[in-house]
Amino acid sequence: MPINFQNLADVGKPISLLLLVLGCQMWGRELSAKAQSPTLASREVLASDLAGKQVDSAKNICSAQLSEAIDAIANRPQFRRYRWGILIQTLSSSQTLYSREAQQYFIPASNTKLLTTAAALRLLGSQYRIRTSVYGNNGVLRVVGRGDPSLTDVQLKDLAQQVKRQGISQVQQLIVQDDYFQGPILNANWEWEDVQSDYGAPVNSLILNQNALALTLLPQALGQPLKFRWQDPFADLQWQVENYAVTGKAKSESSVEVVGVLGKPVLQIRGELSVDSEPEDFDVAVRAPAEHFLRHFQEALKSEGISVAQAKVGSGNKSEDEQELASVESPPLSQLLMDTNQPSNNLYAEALLRTIGVVKKQSETKSLNTAEMGLAAIKSTLTDLGIDPQSYAIEDGSGLSRHNLVSPEALVQLLKGMAQSPEADIFRASLPVAGVSGTLKNRFKNTTAQGIVQAKTGTVSGVNSLSGYVDSPNYETVVFSIILNQSDLPAKMMRPSVDEIVLLLTRLRRC
């Protein structure tokens with residue numbers, strides 16, 4: 001007999017309850033189906049929702065429950081084609097709480113900086129500074145750069161003022177010496193889209209303003225080409241600009257990009273900005289950094305009333321009759337490490353790699369490539385620290401190369417070794433703090449991780465990594481490395497699940 005839904009209330013509470021249960025089951029199946037095969041557009045929402053629920057219903061968990069909880073995250077259907085590498089251990093007792101492909105190689109992205117900065121701290125010491133000198137004799141000024149990544153126009157002005165105080169008003173020949181670092185200024189393994197950008201800037205002995213240039217794009221009248229403006233007066237000597245971008249309708253979606261033409265000193269501006277949009281800034285790499293430094297220093301001297309007859313980029317050794325007329329120094333290494341790891345600065349990491357290559361040249365290394373010398377010094381130093389030399393193979397100091405391979409085990413060994421070293425406090429202080437600083441400033445806010453997780457982030461296409469320490473309030477300090485590889489998702493869609501795993505660690509308790 002069919003049910004008369006108009007009189008359903010008269011049938012009684014048992015049937016109402018039955019229909020309610022059936023409805024909930026059908027709704028649950030629908031949600032389950034969506035979770036099993038989410039569309040690309042819904043994956044980010046799904047991941048964010050799951051991460052949010054994890055935080056909202058956060059309860060302490062026993063360490064014995066951790067494996068099941070992490071597996072529930074890593075084994076989700078949307079990750080079935082991806083690779084997870086995870087190792088979680090206690091710091092003091094070295095108890096393994098979770099392990100997944102921990103000894104296998106993964107592309108680590110900027111987690112590579114952990115290796116570079118740890119080796120630099122061990123080899124050079126926290127008070128090491130990088131010196132830039134100006135030598136002079138008989139009308140010749142020679143600027144000797146030693147790869148200080150923090151050097152800006154402010155320091156160039158300081159050098160020019162020091163030269164002026166020496167009573168010098170005329171210079172017959174200005175030479176900027178760019179041979180402290182030997183070898184290519186760009187890593188051959190970096191991708192073209194990287195080396196045109198500020199985060200892939202060349203690394204040489206005379207770094208200025210992080211070897212980057214700022215380009216501002218501004219809308220004009222509707223349909224007119226965008227206006228572009230360099231902030232550096234010598235930028236147009238580095239790049240030619242082809243402007244194909246136009247001004248779009250008010251309140252329209254803006255989409256503009258600046259791309260380099262492969263093999264040419266040409267930037268192309270494409271897309272459009274709405275007529276009512278704010279200016280957009282893009283940072284691109286300097287192409288010829290030594291020449292760029294030369295022009296800026298010559299301008300600094302000119303502003304102090306010092307004329308220069310001839311100027312060139314040169315090389316050679318200091319002669320016996322030359323005296324140091326001026327010098328500036330970088331901040332101490334402890335600060336340089338923070339400036340490397342907190343914002344994940346590639347240029348700083350590459351400069352540190354080359355610095356330890358020069359200062360601690362390995363006797364068995366016959367290469368004239370300073371970066372290769374630095375890699376050899378890193379391996380030797382980390383081996384002494386207890387890291388298995390077969391557990392990683394790196395090609396640069398920053399992690400920008402997709403040829404870098406590191407196991408989660410290597411990163412955990414490194415973090416534990418540094419935590420037990422005399423440099424432990426300085427090293428940990430260089431790392432971003434969850435919800436507080438660096439690349440973690442806007443992650444983990446208002447969660448159980450805020451303020452108690454210190455970790456290094458890592459992101460390149462298809463890769464998301466996070467390795468560091470958790471000072472769990474109801475457990476001992478935990479060391480972890482989480483690396484997700486072979487993904488076709490953007491970083492913002494990978495991070496929520498990585499963060500979920502870290503949040504689990506903050507809730508550990510003894511049972």
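Which element gives the most to the lining of the largest pocket? The answer is E18, with four residues. The legends below present this predicted model in close-up views.

**Figure 1. The largest pocket and its lining.** In this predicted model, the largest pocket has a volume of about 400 Å³. Its lining comprises 20 residues, of which Ser-110, Ser-344, Gly-458, Thr-459 and Val-460 are the closest to the centre of the pocket. Two elements give two or more residues to this lining, namely helix H7 (192–195) and strand E18 (453–460).

Figure 2. Five strands form an open sheet in the order E3-E2-E20-E19-E18, and the pairing is antiparallel. From one strand to the next, the twist averages 5°. Helix H4 (residues 66–74) packs on this sheet, where it touches E2 and E3, and the direction of H4 makes about 25° with that of E3. A further helix, H14 (residues 491–506), lies across E2, E18, E19 and E20 and runs at about 20° to E19.

**Figure 3. Strand E20 and its two partners.** In the strand order of the sheet, E20 stands between E2 and E19. Strand E2 (residues 83–90) is joined to E20 by eight bridges, and the two run antiparallel. Within this pairing, Arg-83 stands opposite Asn-485 of E20. Strand E19 (residues 463–470) is joined to E20 by seven bridges, again in an antiparallel arrangement. Val-470 has Val-478 as its bridge partner in E20, while Gly-468 has Phe-480.

**Figure 4. Burial of strand E20.** Strand E20 (residues 478–485) is largely enclosed by the rest of the structure, because eight of its eight residues are buried. The side chains may be followed in two sets. Val-478, Phe-480, Ile-482 and Leu-484 point one way from E20, and these residues are buried. Val-479, Ser-481, Ile-483 and Asn-485 point the other way, and they are buried as well.

**Figure 5. The sheet with mixed pairing.** Another open sheet of five strands has the order E14-E6-E5-E4-E15, and its pairing is mixed. Strand E14 (307–314) and strand E15 (323–329) stand at its edges; since each has a single partner strand, one side of each is left without a neighbour in the sheet. The twist here averages 20° from one strand to the next.

**Figure 6. The pairing of E4 with E15 and the helices on the sheet.** Strand E4 (residues 131–137) and E15 run antiparallel and are joined by six bridges. One of the residues in this pairing is Arg-131, whose bridge partner in E15 is Glu-329. Helix H6 (residues 153–165) packs on the sheet and touches E4, strand E5 (140–144) and E15, with a direction that makes about 155° with that of E15. Helix H8 (residues 289–303) also packs on the sheet, touching E4, E5, strand E6 (170–177) and E14. The direction of H8 makes about 160° with that of E14.

Key
Residues numbered from 1 in each chain as written. Predicted model: local features only at pLDDT ≥ 70, side-chain atom pairs only at ≥ 80, totals over all residues. Heavy atoms only, no water. Pairing = 2+ DSSP bridges. Axes fitted to C-alpha atoms, helices over the stretch in contact; angles between N-to-C directions. Contact = heavy atoms within 4.5 Å. Buried < 20%, exposed > 50% of the residue type's maximum accessible area, 1.4 Å probe, protein only. 1 Å grid on protein atoms, 1.4 Å probe; cavity = no way out; pocket = protein on both sides within 12 Å on 5 of 7 lines; lining within 4 Å. Points joined across faces, edges and corners; volume = space filled by probe spheres on them.
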